[in-house]
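Me: I am new to this structure and would like to learn how to read its features. Could you take me through it step by step?

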Amino acid sequence: MKLFPIMGGIHPDYRKELASEKAIVPMPIPATLYLPLQQHMGAPGITTVEPGTEVKKGQVLARGQGLVSAPVHAPTSGRIAAITEMMAPHPSGLPTMTIILDSDGKDEWGDLPAAIADPFAASAQEIRDRVAVSGIVGLGGATFPSAVKLGLGNQHKLEILVLNGAECEPYLCCDDRVMREHADEVVDGARIMAHALGAPQIIIAVEDNKPQAITALTQAASAFTNVTVASVPVQYPMGAERHLTQALTGRETPARKLTADVGVVVHNVATARAVHQAVRFGRPLLSRVVTVSGGAVAEPKNVEVLLGTRVAELLAFCGGLSKDSRRIISGGPMMGQPLPSLDVPVVKGTSGILALTKAETKENATQPCIRCGSCVSYCPCGLVPVEMAAFIRSEKLEEAAKIGVQDCVSCGSCSYICPSHIPLVHYFNYAKGRIAALDRERRKADQTKALVSAHNARLERAAQAKREAAARAKAQSENPDAGRVNA
Ligand code: SF4
Ligand code: SF4
């Protein structure tokens, strides 16, 4: 199919070969699982169990709350040991309430919702409800509750569901393995999602460094005329939603808008597989495939891991770490988060655990900017990183906002390419966080002001009514016959 060029981007050292030929292996059930209530974007779940509760595999441990949230399920059977605040690999870096589940080793399923026999005869709402109760979130790392995203067809006229199999981050190959080994499930999930969205066309986009995945998907999709498998060029960050949309359709998503505004919704390939399992078998999201890789991992692997498994145990399953392990990252090296500890659990958004050696980490001392302009040339969003960073360094956040810092997708291309090793993307993440916090404070102050002024207006109306009543009473007492009607 015809493709369109995307702006900027880089070609980092991909190093996917460390794990890409390793088939997915299941990890044995750990003795204890640690399940944070916040594994998704939105409000944390509300617990439905207590310490001491015996639970079955698949049972709801925490239900979602509000419009944007997701439930948490028991990945195996056992007993709730505690519910307590713990460090989790959450982007905030803050401790979060966590359910601790001791496995009983039986792995006994509880009652699951019935399979939806013919998903294409079911209503869109029925599919969304099933996806919501199954706790499915974007497994590409965004962790936005998938049921909410599947509701975009209510507000937008959607033409295309894009299934994102680009997997452009170096090292990661969990999506590649899912596409190769479970292509039928991915295609079925995509068709169910497109039905829920009301999108007539499906494009599954895969970077052309994954030829086996392209072959497997093409075969799985061959019976469906509305499903196309597109091979897209290897170019980081091809997997960013708006860039993939641009590459496949030529449609540019305006700043601060969704791809749905140009008729496209993007979901990850592993999310599609999870939807297939939830709809066809009633299975909630209990595990995910994680790439464990990096020069410091003894045996890089792609592992099907129960959610809540400690990273330390996962690394031990992969032969442990070598002595020259320098940095452990959750996710890819470009956009991932350094882990605060190996005791944090695998959560729904954990696509990879990387243990990198010194040679694999860029730890060069930061030098002054030489105004080379490389960051501008390579920014895929058409921003001017060097100017934004200068404003942020002098705390001129409004100026940085004016030149688009909130449109930065935090891809890290500018930091990667900068010859002075300036950690530009860190500035932008800081600025975006500060601007969002200031916006929240401003909105809160406005709300308080509006409440105070409504309260004062109510008091004034009450005082006015009191004054008028007093005036009427006075007039009555001075002229008792006033207003009397002659009989
Ligand atoms: S991190 Fe932001 S500013 Fe830097 S290249 Fe990516 S989008 Fe552009
Ligand atoms: S790439 Fe680095 S050195 Fe070059 S202009 Fe940008 S910030 Fe300055």
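Me: Which elements each supply at least two residues of the lining of the second largest pocket?

Reply: A pocket is found on a 1 Å grid over the protein atoms alone: it is an open set of points where a 1.4 Å probe fits, with protein on both sides within 12 Å along at least five of seven lines, and lining residues have an atom within 4 Å of a point. Here α7 (269-281), β13 (287-293) and β14 (301-306) each supply at least two lining residues of the second largest pocket. Helices (H or I, at least four residues) and strands (E, at least two) are DSSP runs, numbered from the N terminus. α7 gives the most to this lining, with four residues. The pocket's volume is about 460 Å³; a volume is the space filled by probe spheres set on the points, which are joined across faces, edges and corners. Of its 23 lining residues, the closest to the centre are Q277, L286, S287, R288 and E304.

Me: What kind of model and numbering is this?

Reply: This is a predicted model, where local features need pLDDT of at least 70, side-chain atom pairs count only at pLDDT 80 or more, and totals for chains, interfaces and linings use all residues. Residues are numbered from 1 along each chain as its sequence is written, chains are lettered from A and ligands numbered from 1 in the order in which they are written, and side-chain values use heavy atoms, with hydrogens and water left out.

Me: How many residues of β14 are buried?

Reply: Buried means under 20% relative accessible area, exposed over 50%, and partly exposed in between (1.4 Å probe, protein chains only). In β14, six of its six residues are buried. In a regular strand the side chains alternate between the two faces of the sheet. From β14, K301, V303 and V305 point one way, while N302, E304 and L306 point the other way.

Me: Which strands pair with β14?

Reply: Two strands pair if DSSP finds at least two bridges between them. Strand β1 (residues 24-26) pairs with β14 in the parallel sense over three bridges. There, P26 stands opposite E304. β13 pairs with β14 in the antiparallel sense over six bridges. T291 has N302 in β14 as its bridge partner.

Me: What is the strand order in the open sheet of four strands?

Reply: The order is β2-β8-β7-β4, with antiparallel pairing. Its edge strands, β2 (32-36) and β4 (54-55), each pair on one side only. β7 and β8 (residues 95-103) share nine bridges.

Me: Where is T76, and is T76 buried or exposed?

Reply: T76 sits in the loop between β6 (72-73) and β7 (78-87). T76 counts as buried because its relative accessible area is 0%. Its side chain makes a polar contact of 2.7 Å with that of D107. A polar contact is a pair of N or O atoms within 3.5 Å; within protein, one must be able to donate a hydrogen and the other to accept it, and residues adjacent in sequence count only if both atoms are side-chain atoms.

Me: How many residues has the largest nonpolar core?

Reply: In soluble globular proteins, nonpolar side chains tend to be buried together. A nonpolar core is a set of buried Ala, Val, Leu, Ile, Met, Phe, Trp, Tyr and Cys residues joined through side-chain atoms within 4.5 Å. The largest here has 64 residues. Helix α4 (residues 183-197) gives the most to this core, with nine residues.
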